Each structure stands twice: as structure tokens, then as C-alpha cells.
Amino acid sequence: MTWWQPLIQAGAVPGSGSKGEEPESSERAELVEDGELQAHPIPPAAGAAPPPPVSFLNGMERWGVRAYDGVIPVVDAYVAAAIRRRESGGVLHTTGERHRSFAVAAVDSMTPKLRELLEQSVGDIEPVDREFVGQPARYLEQVEAIVRRARTHLERELAEAGLDGLGADEWLVLDGLLSRSPAVARHPRSLGVIKSHGAQFLEGRGLERALTLPVGHRTSVFTVRGGHTRTETYSWYLRLWPWEGNDLLYGLLRIEARAHPETIARASELSRWLWAERAPLATPATRWDRLLYPLHQVEEYLKALAPRDLQMHRASRLPRLSA
Amino acid sequence: MTAIGRVVATELKPSTPHQFHFWTATETPIGIGAIVKVAAERVVYGVVTEGFAYSDLATPLHDVVGAEGDPARTDAPTTRQQIRYWTAAVLRQMPEEPLQPVPLGQVFVADDADVAQALRMDAFLYSATPTAIPVGLYTSAGRDAPVYVDADFLLGPEAAHLNISGVSGLATKTSAVEFLLASIFAHFPAHKGRIAAVCFNVKGPDLCFLDQPGDLSDEDRRRYERLKVPSTPFENVRLYAPLKADGVNLNTLRTHPDLVGDVEPLTWGLQEVVDFAEVLLNRDDIDAKADAFIDYLRDRVLGRTFDDGFGTTHRVQTFADLHSLFRSIFDGLEVLSGGRGDTWRTHHIATMRKVRNRLLNISTRCKGLVTDDGPSSDLPWKSFEDRTVYVIDIANVDPLGQDLVFARVVSKLREQLERRELGVDAVVVFVDELNKYAPGDGPDTYVKKMLLDISERGRYLGLVLFGAEQFRSQVHRRVVGNAGTQLFGRMDMDELATPGYQVLTPATKSKLATMPIGELMVRHPHFTQPIFVRFPKPPVLRGRDGVERFPPAADVPFEEAVVRLLVRLDRRVRPNQVKDLIADREQDDVRRALAAARQKRPDDVFAYFRKVLGARVESEANLPREHLAVPPLNPISDEPY
């Protein structure tokens, strides 16, 4: 018998997992539904699935060091985003797609000859502050932040463009924060689906209820302010798969919708829609428990179009033949 | 033209010069057997040989989890990403040199012109002297393109022969051959001369109604128009059938009063049989002594005035004469040698007894086909007609007799084609049931040797074998191997598991195992891969329908049968006169007179018949009739022969 089995026999919930997501800044949420945060079962009969058509937006990023000018890494980056619409047959068709290929480098610190060559060959360059030169780890962190920002920007642009082409009853479901664009955040038929839970909005009893939310339940709706625009949205947690035996964040989604009383009224119905998206499973994605299959398919679509030489494989450290 | 797919090549599944892979939309008109065209820096034609469908599902368990263990759940709002992935075998590349792997490019459904290019039909379809024979319609992928085979490779001299395999009872093998004969007769090129077909009807009424129209659907008629083959029954059909043991009723299922008049009796006498005496001898019989004695009979006895050395002169022309000769020799050896003589003209008495038994046995076993005496009735040797089908109905004949008919007819065809005196330049010989006549194992029979001979040398003579069988794997390898064109109907899965089908993909085998009526897989020297085609229902009455529409008549009494046969020869013949004439005559005498009239075909048949009967057609053997037929040997008899 292991040392933790008596704990489980005494009432502890079995679990698994290890280090999860990086913590982000905490925000104070205000409940707009119920006096204190409650777990609401998803009503079985309230709308089986999202009404067709529904559009899904997702993005992707890839980058890799291509050359060194002294100790300055010169990075090749690629970001892309796409919207794919699901029609009545359940098949996705691409309705919008954007991508950007660019270089990332501390151009101010590069040798003049190589800088000139870089600027001649690449029209699109994102600069890195010269303060990071000489600190490889921080330099690459900065590169990652720049690429992520570019991706976010691309997704925001595409989402805003996508709203213009949205049909009368059509919903737009985004992978990530809704609040990155005020226009999107205020749209009556847009939803943000957040898989990462680095940012903490609840505390105390409410936090415990949210993290131990039973499968097939949602929490009460609360307000959050997210993105650099600090746009207010309504949000709630939704558990797609039972966390018992896994970790507290297993199958846990945070949903964002516009800050409007109608959102509170439709929170259960919307949760039911998203609950129906559990099938098909978004495997073989590692975070399939929180990734909706249509968003996974958009990501796969983008990966298929992305340059193959920017795959996210780590370079082998094994010695290679000189040839 | 809209692309329906794109070639994909990966390290694991690369394109090669002979094979490529492509994907299509989930909804696509193509399937196994479809011909496609890749348009890139070079044009490549291919035929789809394998198909795959799969989704992004990593393991079936994930589907179970997604459906929460309930297979009835169908409420997943998004359809899994899936692929239709096809493998195609290259039919042709243009340019053909240098031969390179298939390039990446868009894939299109082949149109009529593409099909002609892909199957290299352009060379013989659009030449100054076209030799194209329609074999069916390529109908995959919603197309309707005629497919042709090259007469030079179907009927010689480049290659020849056709073999068709398929399970029984699906009206494919016989129907396909009937359609193909109609197509050959309609399209056989003038510069290649005249052609006829000889079909052996070996089971039921299969080929008995080739001159009668069958029921065709509008779709069948449209296909005939598309292939430019007339949808009418064969204009010239000659049907031959032996007589029954009574010597007057025909041994065929085509005895309906409306049709029986077109059936010619097939009867042979000693002269016709003895040349093929080897057919009658089984493996154990064949020895130098028997051969020598048969040769002696042929060279020195038959048709000649012959002294037996015991004081009797013979002229052996019939089985009855032969029996008389043997009796005289055996009596002579018994009586004149005091029972001690056992050799006559260097031939041992046991050898002579064996040959006598075999030869006279045939007249018992095949009574009706072989006559004890009287003239024979045969095929129109040296005057075969162009575009004519000669059907020989031997379905109800003893197997030994079938072998004899086959051996003699094919030998005569070969002999006369060799001398260019048959009347036509090429003859298609259709033989069903090759499993029986040319099995891969078993003894080397005379018939098997003849089939091998046609297969290997017939194309130079214009003697073309169209063979059919149920199990191709069990037919002699050289017979099927020499068939330049091969057709496959629906096949048995066990047969498809044999090594001969290893070159086919599992998908192609699966298609073959479920092939509908009217569809065939064709292999032809010009086609680098097997092609699936549809052919229309033959324009003739099927055997079983023919028997329903024209039920066979019951055997008529002897007098009535004689009347009918004479009336057929001369419509002026009055039945009562004939009946009065033959009322007090021996049946054998009447049969001889009838055969003589049939052979002579005089202007006044009745007068000739009366004259021959009145003069009593001479039978040189004044022996009791029951002695003419020698019963078969008892296999466990103590007789040394």
C-alpha cells in the first residue's frame, strides 16, 4: 500500500498531474449571477448543439533561429489565423485566412553588412530591444512574446473582419480571450473559449467550487476585464470531463461572452452547446480535454499550410556527421 | 474540366513510374477501376486499383470516449476530418520516354479520348486499317466510353485466343462470348478476310437459340448503338445435333416444331471415326501394337477390297462391315488354325480384340452420332460461310462422343485452314467447361492435347480458341497462358486466393468477387492494367428462355419422324405415302434409305427414297443386329484386353 492510499480512503479525491500552466496576473471578478459562486448543472434539454452555421477562429505561431550575428539570434517567424465555418452537414469550410512571415532580430545591434543584407532580403522585420543582446534566454523570451503578439494581432484583425461577414444567426467561437478586441467582445454572438487558466479571477470558497466543478456543470457568471483594452466581458467555467483521477484543470474551460444580461440568461444554453462539442474528441492534441474539435481542426488546417521547415521540433543535440 | 483530385507523394508512399496516389473529396464519382488522368509537366493515365478512407482519429478508443460508449449517438456537431485516398496503377505516360515517376499534379476523370489514349487504343482505332473490336463500355466515374480490343491480338496473328472465367449461373461467360461474337462479326476488318465461329454446346440449351431475338432493355439497345454493334440475333446460324438412338429423332433441346427444321443431323460413320481412333483409347490402351493395328486398318483395309486370308473378300465401309471382318478373322484363326492361331498379319489376336472392342463400342455408346452403317451427315467442310455461327449441340452426347466430336471438328478445321480451303480465313472455336476438357492436372487426353495445340499454334492458322471455365486456376497453364485476351466475370473468393491472382490488389479482388451481371474485367496485350467494362445483354434468346418460349417437342414415333425428315428435304412429300411405304420395312433399312436421301438430296426425294428402300440398301453384314454392338468392357473382367 502506498502512503497516499490511506488519504484517499479517508476522503481525498484521487488525482494525477504535475506542473501546469505559468501563473499570470490575478484579477478580481465580480459575480453577476447568484449571491455567491454556484455550480449549475447543464440542462439536458436546453438546445442540443450550436445552431448551424457556426464559425470557429484559431491561430498558430512558429519560429526558429536561423542564424547568429555574433551572439545575436536572427529568427524566422510565421503566424497565421483562420476562420472555418461549419455548415449543416458538420463539415468545416475555410471562410477567412491570414498569415504573416517575418524576421525577428535586434537589428540595431547587428553588424552593418548583415543588417543591410537582412533588410534587403526580408521586408518584414520585428526588432528586439538591444538590452536583450548577450542574454540568450531573455532574448528568446522576448522573441516569443513578439511572435505571440503578432499572432494575437492577426487573430484580432481576422475576428473583426469575420464579424462583418457573420450571418444573422451565426456564432463566432474563438480560441482564447474575447476581450482582445472590444468589437468582438461586444458582439452578441461571439464566444471566447479559454483553455489556459494562468490568470486567477476567484478566491476562497468560490475558487474551490470552480476548481472542483463536477463534470457537466458550469459556474455562476462573473465579470472579467481582459486584454490590453480592458474590455469587460462576462465569463463562467464549464467542466467537460471529470477531473477526479486527473488534475483540477482537467476538462475545465472558461467561457467569455459579451457583458450583457442576455448572456446570463443564456449561459446554461450556451454551455449546453459547448458540452455537445465534446464529440468528436480533439485527439491527438495533448490538451484534447479542453480543446473543442472544430478549433483543433482549424489549427490542423493552419499547420498544413505552414512552412514545414518551421516545425516545432527541437533540434537534436546528438552529434551529426559533417556531411 | 474540373479536377477531382491531387497527386500526393510521401517518403513512405512515393510515386513511381508505375503507381501513384491521390486524394479526392469525400463525395467523388470515381471508384475501383476508374481511369484518371494526371495533368502536370507530363500526362499520366492511371486506373484506380485501391482506395482508402481514414480520419484524424488516433485510435478507435477515442471515438468510443467521444460517443460515451454509445454507438447510437450521432449528435456530434462536427464531422471528423476524413480523406479519400486512392492508389492508381499507371496505364500510360506521355511522353513514354524517359520513363519517370508520376509527377505531382491535379487529377481528372478520363473522358472518351483519354480512355482511348490510356488504353493505347488510338494505334488500332484511328489507323488507316483499323482493327478495333468493341468489347464493352467503360462506365466508371459516370463515363460511357467504348473500349476496343485489337483484332490482330484477339484473332491473330500477333496474339490470339480469349479466355473467360467466372462463377456459373450468372449468365456472364456465355453471354459475353455471344456479345463478343456479334461484335466481331460486325467489326472484323475487311482486309482480314472472312470469319466464322464454331460453338460447341456442351450443356443444356445454352447456344441453341442464337438465331432468335432476346429481350433487350432500352439501356442495352443504347449500349449497342454506342458500340455500333447491331442489336439483332445472328443472321447466319447453322445448328448441328446428333440423332438419338432411334436414328430419327434429334438429340437436342431445339426440337420445337417451329425450329427443329433448322437443325441438321450430325452422324458419322466408320470412316469419320477411325481417323480419330486415338480419342477412343484411354491412356492404358495406347501402345505401339494397337497403334500399328489401327494404322493397318486405315491404310490397308478401310474403303478397299480386302482379302482376309481365310477365303473371304471384304470391303469395309461401315461398322457393320468392320464387325464382319473381325468375325471372319477370329473365326478363321479359331477354325483354320485349330484354335492355336493367335496372330494374323503380324497382329496378335489380343490386340485385335482390344481395338475391335474400342471401335465397336463407340457405335453403342454414341448411337445416333455414330451410325453402324449408312452414310454420314457432317459439317459443310470446305464451304464455311462468312459471319456464320456453326453450333454443334453435343450436350446430351456421351463424354466419349463429345471428345470424338471435338477432336474431329477441330482437326478438320485445322487441316482445312492450313490448306486455305475451309471457305473462311479465321474460325473462332468456342469451348465451354475448360475445367473438364483441359484441366491442369489429370491425364493427357487427346482433347487436351488438341486444345494445347490450338492455343500454341492456332493463331498462325486463324484457328482461335475462345475458352470458358469456372476455375481458371485449374485449367492447363498453357491453355490460359496463351490466351492473349482474358475476361473475368464474378469470381469465387477461393479462386481469387490462388496464386494466379496475386497481381491484383485486394480491392480489385473484392470488386471481382461482387461483380454484377454484365460487367467484366478485361486483360488485353494493349492494356497495361486490367480494365472493367460493361457489355449489353446478348441480342439472342438465352438458352433457358428459349426452352420456355420454344418447349422441346416430345420424341415422335418412328414413322412420323421419317415423314418429318423427308418433308424437310422436299415439301412435296406426302406423309401417307411415306407411312404406307415404310409400314412393313425394317427400321434399319428405312434409316439407311433416309440417310442416303439426306446425303444425296435429290430433286424428287420421295422417288429416290422409295428407290433406295425398294432396292434394299445393301448391308454386307447379314448378321443378327444385336451382334453389331459390342457392350463395354467390364473393368474388372479377367480379359487381358
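In chain B, ten residues of domain 1 are in contact with seven residues of domain 2, where contact is C-beta atoms, placed from the backbone, within 7 Å. On the domain 1 side that touches domain 2, the classes are seven nonpolar, two polar and one charged. Nonpolar means Ala, Val, Leu, Ile, Met, Phe, Trp, Tyr, Cys and Pro; charged means Asp, Glu, Lys and Arg; the others, Gly among them, are polar.

This is a predicted model: local features need pLDDT of at least 70, side-chain atom pairs count only at pLDDT 80 or more, and totals for chains, interfaces and linings use all residues. Residues are numbered from 1 along each chain as its sequence is written, with chains lettered from A and ligands numbered from 1 in the order in which they are written.

Domain 1 of chain B covers 5–71 + 78–120, and domain 2 covers 127–266 + 432–442 + 475–488 + 539–555; these bounds come from an automatic or database domain assignment. Their C-alpha centres are 37 Å apart.

Next, a helix pair. In chain B, the axes of H12 (residues 399–418) and H14 (residues 446–461) come within 11 Å and cross at roughly 20°. H12(B) and H14(B) are therefore roughly parallel, a term for angles under 35 degrees. Among the residues that meet here are B:Phe406 and B:Val410 from H12(B), and B:Met450 and B:Ile454 from H14(B). That contact has nine nonpolar, no polar and three charged residues.

Last, the chains. 20 residues of chain A are in contact with twelve of chain B. The chain A side divides into twelve nonpolar, four polar and four charged.

Note on methods:
Two residues are in contact if their C-beta atoms, placed from the backbone, lie within 7 Å. Axes are lines fitted to C-alpha atoms, for helices over the stretch in contact, and angles run from 0 to 180 degrees between N-to-C directions. Helices (H or I, at least four residues) and strands (E, at least two) are DSSP runs, numbered from the N terminus. Angles under 35 degrees count as roughly parallel, over 145 as roughly antiparallel, 65 to 115 as roughly perpendicular and the rest as oblique.
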